Every structure is written in structure tokens, then in C-alpha cells.
Amino acid sequence: MDEKILVTRSTLPPFEEYCEEIREIWESRWLTNSGVKHQALEQALCGYLGVSNLALCVNGHLALECILETMELKGEVITTPFTFVSTTNAIVRRGLTPVFCDIRPDDFTMDPDLIEPLITENTCAIVPVHVYGSLCNDEAIEKIAQKYRLKVIYDAAHAFGVTKNGKSAATLGDASMFSFHATKVFNTVEGGGAVFRDPALYEALNRRKNFGINGEALVSFGGNAKMNEFAAAMGLCNLRHIDASIASRKEAAMRYRERLSGVPGVQLAAVQPGVESNYAYFPAVFDPEVFGCTRDDVLAALAEHNIAARKYFYPLTSTVAAFGGAHPETETPVAARISRSVLCLPLYEGLGADNADRICDIILALKK
Ligand SMILES: *Cc1c(COP(=O)(O)O)cnc(C)c1O
């Protein structure tokens with residue numbers, strides 16, 4: 001049996017580097033509550049992402065909930081059903097109503113042309129997702145947001161380090177959420193970040209993530225969503241190697257693209273002009289009519305070789321009754337089609353072009 005290949009593998013720094021990084025934590029016995037590692041990582045991430053503020057959180061999901069809470073949003077939120085369930089969960093758990101907008105067939109991000117008809121007097125914000133490391137059409141979304149005075153909050157969990165014409169994705173919209181989960185391009189084991197255009201909201205979120213406490217004073221409503229020092233230390237180590245890590249992902253992703261682009265019945269995410277991706281995921285969409293077998297057939301064939309691809313994202317979050325009633329898939333036909341036919345191929349630091357080749361051999365042998 002071949003060595004098992006999972007869809008992702010967590011990036012780790014050299015063991016000794018992490019040990020050295022946590023020595024100070026042992027010496028100071030300061031384990032959490034905005035210690036030196038937390039402060040150093042916030043500063044380092046602001047530098048890397050080209051932003052003036054970034055509030056570290058215990059995970060990306062709670063960073064998004066804290067953002068929605070800090071911005072004091074109420075009513076309806078226009079969002080995408082083609083996402084990890086966290087996005088919709090955060091909206092619903094904050095007492096907001098998700099209104100689902102369809103996606104673009106080429107890059108799978110929210111289709112700005114379909115937003116306006118969904119706006120009502122109760123709409124307060126748009127929550128698009130930069131899926132797979134591709135960016136949303138931020139200019140079109142911004143125009144609509146300005147016209148109707150809506151806030152734009154990006155789920156940027158997949159967009160760490162992505163730039164468009166040299167500009168960081170973290171600078172788009174009124175706020176962005178990043179996930180530093182173990183499976184993401186940059187990880188702090190578990191972790192997340194909230195970035196705001198208005199720096200006053202950074203301070204407000206810092207209170208929200210710490211029980212509403214500011215120094216000794218109890219100033220607002222809040223929970224506990226702080227990042228601890230050990231997680232921040234992991235982030236400081238991983239950030240030193242991030243460029244090499246993304247370059248390694250790119251090598252495998254490029255090989256996939258070389259081998260699979262132009263194959264009838266296989267659609268890859270469109271290459272976006274001016275966008276430098278982070279190669280977070282490698283989605284491939286299989287059209288059974290043309291390719292000759294379904295996404296599930298491809299998944300099964302890879303599994304026979306001990307290779308785990310993943311149906312990501314499936315199902316659409318809009319079809320889940322828990323989110324205020326199940327919507328029929330037909331409301332968002334493009335998202336429905338992509339969700340039924342997309343497969344994310346294994347992609348991680350160190351996968352290598354050889355393994356990408358081997359995976360492509362298996363896929364291409366299935367073509368009828
Ligand atoms: C990972 C992810 C999240 C949640 O982030 P966590 O850090 O795991 O809480 C939210 N949205 C998307 C699109 C994600 O991929």
C-alpha cells in the first residue's frame with residue numbers, strides 16, 4: 001500500500017525552534033492574557049499582512065463572531081452558501097439572518113451582480129468569503145456597500161498572505177477574519193485574527209474577547225476568545241517560514257494545473273489577474289457528462305490508492321435547516337452545481353510535484 005496522503009498536513013517549524021520560542025514563557029510563567037508572544041505576533045502579523053491592527057483570537061470562528069458583535073450588527077446579512085459551515089454559524093449565532101447569494105461559476109466567490117436584488121430595509125452587511133485563496137470582486141462589492149450603506153466583512157480564512165496588485169487582501173472591506181487553524185496556510189495550532197479598517201474597533205474587540213474587561217473596569221458585554229502564549233509562539237515560528245511554505249504549496253499546485261488544465265470535463269478555479277494566491281486549496285470540478293465519471297467516482301478511486309481528497313464545500317450551508325430553515329438548492333444554482341461536483345485535491349507544504357503527478361495519473365486514468 002502506498003503511503004497515505006491526506007487532503008492536508010499541518011505545517012510545523014523545527015522542533016528546537018519552538019522549544020526555544022517557549023523558553024521565555026516558562027521563565028515568566030505568563031501563559032496567556034496578552035503576554036509578550038501575543039504582542040509580538042500581533043505586531044509581526046500587522047507587518048506581514050500590511051495592516052495597522054490585528055486582534056488575535058482563540059480561533060477564526062470566534063474572531064468572526066467577535067467582529068459581528070463588535071460592529072453591533074442587526075438584521076439580515078447577505079452571504080454565500082458555498083463556504084465552510086463556520087461562516088453561516090457565526091451569522092446565526094450572533095442573531096443575524098443569513099440571506100444567501102449565488103457564486104460566480106469561474107472563481108466560486110460571491111457573484112456581485114446578484115447582490116442588489118437581495119437587499120431589503122433590514123440588510124446591514126455583506127459577508128463574502130475569499131474561497132480557496134481566490135479573492136472576491138472587492139471593487140464591485142464595495143460599490144454596492146457604499147450605495148446602500150452596508151458593512152462588508154470578509155471571511156478571509158483562506159486568504160492569508162494573498163495580494164491583489166500588491167495590495168494585501170487583509171485591507172479589503174470594513175473587517176476581515178483570518179483563521180490560523182492547524183489545517184490553514186499559516187497556523188497557530190488553533191487561532192484566528194480580526195482586522196478592522198477602523199482602529200477603534202480593534203480596541204472594542206479586545207474588550208469583547210476578554211469578558212468585556214478593560215484593565216480593571218468592566219466596560220462592555222463580552223466572552224472569552226483570547227489566544228494563549230503557546231499558540232502565539234507557534235505563530236511566531238511558523239511566520240518565519242511562511243514564504244517557503246507557500247512556495248512549496250505553489251510547486252504542487254502548479255503541477256496540478258499543468259496536468260489538469262484543458263482536460264475536457266475538468267474545471268479548475270480561474271487564475272485571477274493581479275492576484276498572488278497562497279495556494280490554500282486546489283479545487284477541481286468534474287462534469288460527469290464530459291469527464292465520464294462523477295466527483296464521487298474520483299474520490300473513491302483516489303481512496304483506493306490511500307489518497308484522501310475532500311468534498312469541500314458540500315453540502316451548501318443554505319440547505320441546512322438549523323440555519324433558520326432549509327433553502328432549496330435551486331435558489332443558488334451555480335453554488336449547487338459546484339458543490340455537487342467539486343473535489344479539493346491534497347495540497348500542503350511538502351506534498352511535492354511528484355505526489356501531485358501521481359494523483360493526476362490516477363485522475364486522468366479515469367477519463368472516459
Ligand atoms: C477554517 C475556516 C473557518 C473557521 O476557522 P477556525 O479557525 O477553524 O475557527 C471559517 N471560515 C472558513 C471559510 C474556514 O475555512
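Q: How do β5 and β8 pair?
A: Strand β5 (residues 151-155) runs parallel to strand β8 (residues 175-179), and three bridges join them. Strands here are DSSP runs of E, at least two residues long, and helices are runs of H or I with at least four, both numbered from the N terminus. Two strands count as paired if DSSP finds at least two bridges between them.

Q: Before I go on, what kind of model is this?
A: A predicted one: local features need pLDDT of at least 70, side-chain atom pairs count only at pLDDT 80 or more, and totals for chains, interfaces and linings use all residues. Numbering starts from 1 along each chain as its sequence is written, and side-chain values use heavy atoms, with hydrogens and water left out.

Q: Ok, back to the pair. Which residue in β8 is the bridge partner of tyrosine 154?
A: Serine 176.

Q: And what's the strand order in the open sheet of seven strands?
A: β1-β9-β8-β5-β4-β2-β3, with mixed pairing. β1 (55-57) and β3 (97-100) are the edge strands, each pairing on one side only. From one strand to the next, the twist averages 25°.

Q: Which strands does α4 touch when it packs on that sheet?
A: Helix α4 (residues 85-93) touches β2 (76-79), β3, β4 (123-127) and β5, where touching means heavy atoms within 4.5 Å. The direction of α4 makes about 140° with that of β3. Angles run from 0 to 180 degrees between N-to-C directions, and axes are lines fitted to C-alpha atoms, for helices over the stretch in contact.

Q: How does α3 pack against α4?
A: At an angle of about 35°, with the axes 9 Å apart.

Q: Why call α3 largely enclosed?
A: Because nine of the 11 residues of α3 (residues 60-70) are buried. Buried is under 20% relative accessible area, exposed is over 50%, and partly exposed is in between, with a 1.4 Å probe and protein chains only. The buried residues include Ala63, Cys66, Ile67 and Thr70.

Q: Which side chain reaches a backbone nitrogen at the start of α3?
A: Asparagine 59: a side-chain oxygen comes to within 3.2 Å of the backbone nitrogen of histidine 61. After the helix comes glutamate 72, with a positive phi near 50°.

Q: Which residues does arginine 208 touch?
A: Leaving out residues up to four places away in sequence, arginine 208 touches Glu69, Thr70, Glu72, Phe221, Gly222 and Gly223. Arginine 208 is in helix α6 (residues 199-208).

Q: Is arginine 208 buried or exposed?
A: Buried, with a relative accessible area of 11%. A polar atom of the arginine 208 side chain lies 3.3 Å from the backbone oxygen of phenylalanine 221.

Q: Switching topic: what's the order of the open sheet of three strands?
A: β12-β14-β15, with antiparallel pairing. β12 (266-268) and β15 (342-345) are at the edges with a single partner strand each, so one side of each has no neighbour in the sheet. The twist averages 30° from one strand to the next.

Q: How many bridges join β12 and β14?
A: Three, in the antiparallel sense, with β14 covering residues 282-286. Valine 266 stands opposite phenylalanine 286 in β14. β14 and β15 pair over four bridges, and proline 283 has cysteine 344 of β15 as its bridge partner.

Q: Which way do the β14 residues point?
A: Phe282, Ala284 and Phe286 point one way, Pro283 and Val285 the other way, and all are buried.

Q: Last one: how far apart are the axes of α2 and α7?
A: 8 Å, with an angle of about 35° between α2 (residues 36-49) and α7 (residues 229-240). That crossing is left-handed. Residues in the contact include Val36, Leu41 and Tyr48 of α2 and Ala232, Leu236 and Leu239 of α7. By type, the contact has 10 nonpolar, two polar and two charged residues.

Technical notes. A crossing is left-handed if the near helix is turned anticlockwise from the far one by less than a right angle, and right-handed if clockwise. Ala, Val, Leu, Ile, Met, Phe, Trp, Tyr, Cys and Pro count as nonpolar, Asp, Glu, Lys and Arg as charged, and the others, Gly among them, as polar. A polar contact is a pair of N or O atoms within 3.5 Å; within protein, one must be able to donate a hydrogen and the other to accept it, and residues adjacent in sequence count only if both atoms are side-chain atoms.
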